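Biologist: Could you walk me through this one while I have it open? I'd like to go a few residues at a time.
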Amino acid sequence: MSLFSLLSVARDGLVAQSAGVSTVGQNIANANTPGYVRRGVTLATRPIGGASMGGVEVVGTTRSFDRVSHRRVTEEHGRRGAADARAGTLATVESIVTPGSGGVGPRVNSFFQSLDSWSGLAGDTSARLGVLQEAAGLAQEISGAAADLDTMRGDLFAQAQGVAGEVSERLGRIAALNTAIAEATGRGESGADLRDQRDQLVLEVGDRLGARAVEDASGQVTLFSAGTVLVEGGRASSVSVDLGPGGSLRVQAQPPGGQATDVTAQVTQGTLGGLREARDVDIPRAQAGLDQFAFDLATVMNTAHSSGFGLDGSTGRPLFTTTATATGAARALALNPALDGHPERLAASATTADLPGGNAIALRLAGMSSRPLGTGTATPAERFGSVAADVGTRRAAADTEAALRADTVLQAENLHESSAGVSMDEEMVNLTRFQRA
């Protein structure tokens, strides 16, 4: 073996160990980079024989990536995204239906208190004005809550469209990275940085829509979500959100050059799934409860009030105006404009002969506070309480689910981090080992 051969062996050894030092440095520098997967250098012995004088060579770099653990992280992110979106929305719904101060509940109580006070002073103008003021305030509170829920549904629709746009943008980038990774693989390169970027994008799609990726031999992934293929090789579908015939969210996936497919029923994960459930299930349920409460309250109060006579001898006037059916009754509820500013038109007497001091109808109206409202046995306050309790129960369940999903995501991430993450202690050991070599 010549001196030149010995120097060549030494040179190759220095190059190989320097590659190890560089890889360790790359790991340490990216220890906190989102989506970064730990690298490793692969060294191989050069056999002695023929023209080879032995030594070592760098075969390539490895990427400590566990596809199974990453898939679980992606799935758990999808479930957490749905839970967080729904829990956040229901927290807002609860603040609308039962705010910290004021709201429909206290207004119901103060309205019946004004009726009770008026029933003992049927001819008193100030008591009559108090009833009109409380009736108008109650109607405005109920109508305002219904309007806020309608506005919230509109806001959630716009938010869902924004999420769909984010998903489509990331799908396009995943497809482009698929192509770049396949080209790198064909050249014998690992494409580690490209793979890191793509896997991070898959995770972000999972957050928003739920996703599952399957990698082929060329390094490209096929991305499944919402019961369909969203990315295949270098082709990416687009995701869009509009309103269906019934006003509910409709999610469609459209491949390039193909027909759009309605995938709404399969959108149950990710932020989009949570928004869909909150907008089209939870809020409509709260609206339906509020509508039925408003309709039943207006019906019983109007029936009683229309049978009585005002100080001016008028009769047949309802106390509230609203819709003919329960649908939309809360939003339309208002004090009868014919009574606004006319306390003398409030009907307290059962007959004209009892005017001006008759209070039979006033007592009947005041007594409604302790009688069943509509079907069942619940009083007006209890009926509204059941609407508020339903919202509160749903929010509590959503909060529990969100907390559970936060824990499962943490567990999945810890498992994935154990294989793909950078351990500073381990890297320092490797650094020392390569430096000594």
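Modeller: Let me start with Ser-69, which counts as buried because its relative accessibility is 4%. This is a predicted model, and Ser-69 has its place in helix 2.

Biologist: What is Ser-69 in contact with, leaving aside its neighbours within four places in sequence?
Modeller: With those neighbours left out, Ser-69 is in contact with Leu-415, His-416 and Ser-419.

Biologist: And Glu-76, is that buried or exposed?
Modeller: Glu-76 is buried, since its relative accessible area is 9% and the cut-off for buried is under 20%. Glu-76 is also placed in helix 2, which covers residues 67-97.

Biologist: Which side chain does the side chain of Glu-76 make a polar contact with?
Modeller: The partner is the side chain of Arg-79, at 3.1 Å. Not counting residues up to four places away in sequence, Glu-76 touches Arg-405, Thr-408, Val-409 and Ala-412.

Biologist: Changing topic to helix packing, at what angle do helix 3 and helix 9 pack?
Modeller: Helix 3 (residues 104-119) and helix 9 (residues 380-420) pack at about 175°, and their axes are 10 Å apart. The two helices are therefore roughly antiparallel to each other, given that angles over 145 degrees count that way.

Biologist: Which residues make that contact?
Modeller: Helix 3 contributes Val-104, Gly-105, Val-108, Asn-109 and Phe-112, while helix 9 contributes Pro-380, Ala-381 and Phe-384. By class, the residues of this contact are six nonpolar and two polar, with no charged ones.

Biologist: How about helix 6 and helix 8, how far apart are their axes?
Modeller: The axes of helix 6 (residues 270-306) and helix 8 (residues 360-367) are 9 Å apart, and the packing angle is about 170°. That makes helix 6 roughly antiparallel to helix 8.

Biologist: Which residues of helix 6 and helix 8 meet?
Modeller: On the helix 6 side there are Met-301, Thr-303, Ala-304 and His-305, and they meet Ile-361, Arg-364 and Leu-365 in helix 8. The residues of this contact divide into four nonpolar, two polar and one charged.

Biologist: Staying with helix 8, what can you tell me about Ala-366?
Modeller: Ala-366 is placed in helix 8 and is buried, with a relative accessible area of 9%. Ala-366 touches Phe-112, Leu-115, Asp-116 and Ser-119, not counting residues up to four places away in sequence. Although Ala-366 and Ser-119 are 247 residues apart along the chain, their C-alpha atoms are separated by 7.0 Å.

Biologist: Which side chain reaches the backbone oxygen of Ala-366?
Modeller: That is the side chain of Ser-369, which reaches the oxygen at 3.1 Å. Ser-369 is found in the loop between helix 8 and helix 9, and with a relative accessible area of 32% this residue is partly exposed. Leaving aside neighbours within four places in sequence, Ser-369 is in contact with Phe-112, Thr-379 and Pro-380. From Ser-369 to Asn-336 the C-alpha separation is 20 Å, across 33 residues in sequence.

Biologist: On to the core, how many residues does the largest nonpolar core have?
Modeller: The largest nonpolar core has 80 residues, and those with the most contacts inside it are Phe-111, Leu-115, Trp-118, Ile-142, Leu-223, Met-301 and Phe-320. Helix 4 (residues 125-186) gives the most to this core, with 22 residues. There is also a second, separate core of five residues, among them Ala-83, Ala-87, Ala-398 and Ala-402.

Biologist: What does Phe-320 touch?
Modeller: Not counting residues up to four places away in sequence, Phe-320 touches several residues, including Phe-111, Ala-135, Ala-139, Ala-298, Met-301 and Leu-333. Asn-302 and Asn-336 are also among the residues that Phe-320 touches.

Biologist: Now the backbone, which peptide bond is cis?
Modeller: The bond from Leu-355 to Pro-356 is cis, with omega near 5°. Pro-356 is in the loop between strand 13 (334-335) and helix 8. For context, most peptide bonds are trans, and most residues other than glycine have a negative phi.

Biologist: What is phi of Ala-226 near?
Modeller: Phi of Ala-226 is near 55°, which is a positive value in a residue other than glycine. Ala-226 lies in the loop between strand 6 (221-225) and strand 7 (228-232), and with a relative accessible area of 11% Ala-226 is buried.

Methods: Residues are numbered from 1 along each chain as its sequence is written. This is a predicted model: local features need pLDDT of at least 70, side-chain atom pairs count only at pLDDT 80 or more; totals for chains, interfaces and linings use all residues. Side-chain values use heavy atoms; hydrogens and water are left out. Axes are lines fitted to C-alpha atoms, for helices over the stretch in contact, and angles run from 0 to 180 degrees between N-to-C directions. Helices (H or I, at least four residues) and strands (E, at least two) are DSSP runs, numbered from the N terminus. Angles under 35 degrees count as roughly parallel, over 145 as roughly antiparallel, 65 to 115 as roughly perpendicular and the rest as oblique. Contact means heavy atoms within 4.5 Å. Ala, Val, Leu, Ile, Met, Phe, Trp, Tyr, Cys and Pro count as nonpolar, Asp, Glu, Lys and Arg as charged, and the others, Gly among them, as polar. Buried means under 20% relative accessible area, exposed over 50%, partly exposed in between (1.4 Å probe, protein chains only). A polar contact is a pair of N or O atoms within 3.5 Å; within protein, one must be able to donate a hydrogen and the other to accept it, and residues adjacent in sequence count only if both atoms are side-chain atoms. A nonpolar core is a set of buried Ala, Val, Leu, Ile, Met, Phe, Trp, Tyr and Cys residues joined through side-chain atoms within 4.5 Å.
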